[in-house]
Amino acid sequence: MREITCIDSHTEGEPTRMVWEDALPLPGANIATRLEEFNRQFEMQFLPLLLEPRAFEAVVGAWVGSPTAPDCLHDIIFFNPTGALGMCGHGTIGILATLAFEGLPPGEHQLNSPVGIVNARLLDGHRVQLRNVVSYRMAKGVSVEVGEFGLVTGDVAWGGNTFFLVENSPIPVQIENLNELEDFTKAAMAAVRQAGYPDVNHVEVFGPANMEGAYAKNYVLCPGGEYDRSPCGTGTSAKLACLAADDKLAPEIPIIIESIIGTSYRGWYSKHPDGVIPTIEGTAYVTAKSTLIFEDDDPMRVGIRK
Ligand code: PYC
């Protein structure tokens, strides 16, 4: 029998399940070799933490280990049921709130992710400002035929993951349209990948906000087919990069992006020679500290595989 202790949190509604390296060690002298080891172990060791019956597919995992880069608090690897993510904004905010729950005082920390070092400022027990990796637009005005939805135009941008961002969603971005938004964004993901952007692994569509003062409301399809309950930290970073590239938003001016469930992030950017450095501010709460049990004779020991 195997026991693994996890700490769960949600960031603006989006779940994170954190696991320490003591439970699942990843040997390696740097984050790249640790990621290789993670990829080797993913199917049998990490994926079962996210799947039913112990979780569900929207949960993002966060492996937290000792730092292999100078001046960093931890190495971090985020993952969802399809494998490792580059970065994860909601996950970083969730980890900081979890570390605060475990006794970390407010302050500023660096975390070493597979796509670069990020800075996270813990403002209190729950509120965190994430200064993300350099984000930039990769392509403007990419038009693709999306089946019954017709011709759809959007930008491709990097915010720690690769996004296809569609400014005016053909499906109104409202919670009652979840099924249609899922169908549309899945079709758009397939179309944009086929059109020469195979690395796109998130689709982010926008519509008018319900929240007073918010810039827009988004729906974000994540790899694996689940949607982000938060406004997506890396997605908001990609959006800030596009707004900056179009001169639609000046540096250091905060905007609010509302999520499909009505939660929000505040985001702004600083200029960088290769794009922008986004800052994303949001709030997370710990929801559970649990010991997962994997009994040897449990047919669902590795989770329900579809
Ligand atoms: O907040 O960056 C994010 C994120 C990526 C996937 C789910 N959340």
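Helices here are DSSP runs of H or I with at least four residues and strands are E runs of at least two, numbered from the N terminus. Keep in mind that this is a predicted model, where local features need pLDDT of at least 70, side-chain atom pairs count only at pLDDT 80 or more, and totals for chains, interfaces and linings use all residues. Residues are numbered from 1 along each chain as its sequence is written, and side-chain values use heavy atoms, with hydrogens and water left out.

Now zoom in on the N and O atom pairs within 3.5 Å, the cut-off for a polar contact. Asp228 has a side-chain N or O atom 2.8 Å from a nitrogen atom of the ligand. At His90, a backbone N or O atom lies 2.8 Å from a ligand oxygen, while the side chain of Thr234 places an N or O atom 2.7 Å from an oxygen atom of the ligand. The protein buries 99% of the 240 Å² that the ligand exposes when taken alone, by the Shrake-Rupley method with a 1.4 Å probe.

Stay here and pick Cys232, in the loop between β13 (216-221) and α4. Its phi is near 70 degrees, positive in a residue other than glycine.

Move on to Pro53, in the loop between α1 and β3 (60-65). A cis peptide bond joins Glu52 to Pro53, with omega about 5 degrees.

Finally, select Glu43 and Arg305, a salt bridge whose closest N and O atoms are 2.8 Å apart. Glu43 is in helix α1 (residues 31-46) and Arg305 in the segment after β16 (275-294), 262 residues apart. The rule asks for a Lys or Arg side-chain nitrogen within 4 Å of an Asp or Glu carboxyl oxygen, and the count comes to 19 salt bridges.

How values were computed
A polar contact is a pair of N or O atoms within 3.5 Å; within protein, one must be able to donate a hydrogen and the other to accept it, and residues adjacent in sequence count only if both atoms are side-chain atoms.
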